[in-house]
Structures are given as structure tokens and as C-alpha cells.
Amino acid sequence: MKSGRRNFLKSAGALSLATTLPLSGCSSSEKQAPALIGNGRMKLSFRPYELQLNHTFTVAGNSRNTTPVVLTEIEYEGVCAYGEASMPPYLGESQESVIKFLNKVDLEQFRDPFMLDDILAYVDGLDEGNRAAKACLDIALHDLIGKLVDQPLYRLWGINPDNTPMTSFTIGMDTADVVREKTIEAERFKVLKVKLGGGNDREMINTVRSVTDVPIYVDVNQGWKDKHEALDMVHWLNEQGVEFVEQPLPKTAIDDMAWLTEHSPLPIIADEAFQRLADISAFKGVYSGINIKLMKSTGLREAHKMITVARALDMKVMMGCMTETSCAVSAASQLSPLVDWADLDGNLLIGNDLYEGMLVVDGKVTLNKLPGIGIRKIQS
Ligand code: MG
């Protein structure tokens, strides 16, 4: 990246203006992969972009119409690879923090992009936190190695693409009329994820049930406070065709969560309670399973390890996402045949996607044969 542009992007005031600028790293995104790994250098470029949500998105704790992201590209030997960092406000990262982090990254010191353990250990060691910033590099690097050998990532990992799960579509908290309208709009999905914890939980579920009888996943986003009331509600939800409940109590209420999991007729899944691989070992007996998201896990490489560790602990695994373009959602989808449940609808909640990739066909995550993370740029 030219220093002038780097300085331009460093300026917080330039962020909104920069959303319309093209990325500078790739001269062409459609070149053929080189036959051999050469002596090229990986060139990283990035820019902020703002996702426009189709509906105001309300969960327990916040409400918003946009999500800030940073899009990355790595160009190597004429091949262009894509990555993305998504920063919903409650996770503490921002376009400014991601760009500050990416400005510290020197990928050109690495000659072989396949040395992902070395490269990502270097990235992880640059600073603590910055999980979404690290994820956008991890995603682009995985896209790159797939493109260099002209294979989808699922093939490199030995994953059967036919084993993808259904994905849920998320219904945020709203009035009964809007919930009914959103549920009707979501009729092509075979599973819905309903956000609860806003004080009108039974009305939300009853409204959805007045439209459809598809299975429901429930996400409370820490919105319930009392374990006994939570258990009563879980029993009621169990009778309404709900399959599991995600993060019912505050993440700090560990003893209450363990009690609820022990008594619950439904699996209790952790989301806000953890971020990365090292957090999971303490969850045995506290939660029934975990919701992995690339923006928490620092990307695909650690997410893959998390699935392995969770399985070793006999825990359920869900793959989720933030509001993201098809870039990060398609990346996560590459691992989805390994999980029990998927909530990979982030790209479907926005109106200004820049890529096409994973498709939802008859409600099922459907992987294509494109190399890497399986996306194609449709708009600059
Ligand atoms: Mg959640």
C-alpha cells in the first residue's frame, strides 16, 4: 500500500469518504493461479465499508441500522484473495482499531503463504484482542491458499460439502406486526432464530408460531436475569418447538448457567460468554455447546480447532456470524459441515453485499466449487 493512501486511511475523519474507494492491492481479481509458488510477496490492502441493514436490528441490549466492516485484499503473484472484519459495536472493535492494527501488519516478510501457522502466530502476537482484525487476515490467507491450489477450502480440510446444515434466519425483537411480517418474508428458511429477552418473549414466539411451524432457535443475548424464571421459560419454549436456547443468562452468572444447563430440557449454548479456543475448556458442565463466530475466534484456523476441542468435550457446536458480507459468511460456511447448527444469515440481512458466494438452497447452506472461501466479487 502506498504510504499516502495508508496515511489517508489512518485518518478517522476519512473513514466515511473512503467507503467508495477501490482497494489498491489487486491489479486483477480474475487472474489464473500460478503453477508454482514463486518468489512473490503478499501485498495487503484494506478499506472501511458500511453495511446497510434491511431492517433495524434489535437484540437485548442494542438496536442498529448499519454495521461497520473493514474489507481486506491480499495480492500474491497475480492472485487476489479476500477477507473481512465485521465490528458490531458491542464487541469493542471499530474501523479505526482494525485499520490501526492492519497498519502494523507486514505480510511481505513471509515468502510462502502456506506457512499459515507461522504467519497467523505472528499476526496474533502483534497485539492482544483485535479478534475481528485478525480474522480478516486469516480469512484472506485461507482464500489465498485455496486459490493458489485452485481448490475450495472444504476440500483442503477433507470436509464433505454435502453435509452442510440448514441455516436459521434471524428474527430480531420487534412489535407483533413487524415480527409477523418478517416471519412471512423468511418463509424460504426451514429454521428461524428468534431473539428474546426484551420482555415480550411469549408474544414473540406466539407471533412466529401464528405464521409457521418450522423449528426455532432462541437467542436471549444474556437478557434473562433469574435462573428459576429462565427454567420455566425454557420448559415453555420446549413445548413450542424450540431446539436450543443461546446465552439465556449473563455471561458472568456461571453457577446459575450450570444449574440451568443441568435442569434444562433443551441444550444451552454459549455465545457472549466466550471468544477464543482457550475459553472453551471451562465450559464442560456449564453449557451444552458453543456458538463459534469467526469474528470472535480470530478466523477459520482457530475456529477449526475449536470445533475439534468442543467435540472432545462432548459439546454441541453451532457456527454463527455477525452482520457480514458474503465474504466472511462464505468463509464460515466452509466449516459448516462439521457443526450441528448454523446461523449463517448475516449477508442476507444487508442490502449492499459486494460478493456472491455461499447460497441458501431450500434452507440449507450450499457450498459452491469456487476455490478458497468460495466467493466472487460482484461490485467494487
Ligand atoms: Mg448469540
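Residues are numbered from 1 along each chain as its sequence is written. Because the model is predicted, local features need pLDDT of at least 70 and side-chain atom pairs count only at pLDDT 80 or more, while totals for chains, interfaces and linings use all residues; side-chain values use heavy atoms, without hydrogens and water.

The protein chain holds 13 helices and 15 strands, taken as DSSP runs numbered from the N terminus (helices H or I, at least four residues; strands E, at least two). Of its 380 residues, 57% are buried, where buried means under 20% relative accessible area with a 1.4 Å probe, protein chains only.

Two of them are listed below.

| Residue | Relative accessibility |
|---|---|
| Glutamate 246 | 0%, buried |
| Aspartate 271 | 3%, buried |

The axes of helix α8 (residues 201-209) and helix α9 (residues 227-239) come within 12 Å and cross at roughly 5 degrees. Axes are lines fitted to C-alpha atoms, for helices over the stretch in contact, with angles from 0 to 180 degrees between N-to-C directions. The two helices α8 and α9 are therefore roughly parallel, the term for angles under 35 degrees.

How values were computed: Parallel < 35°, antiparallel > 145°, perpendicular 65-115°, else oblique. Buried < 20%, exposed > 50% of the residue type's maximum accessible area, 1.4 Å probe, protein only.
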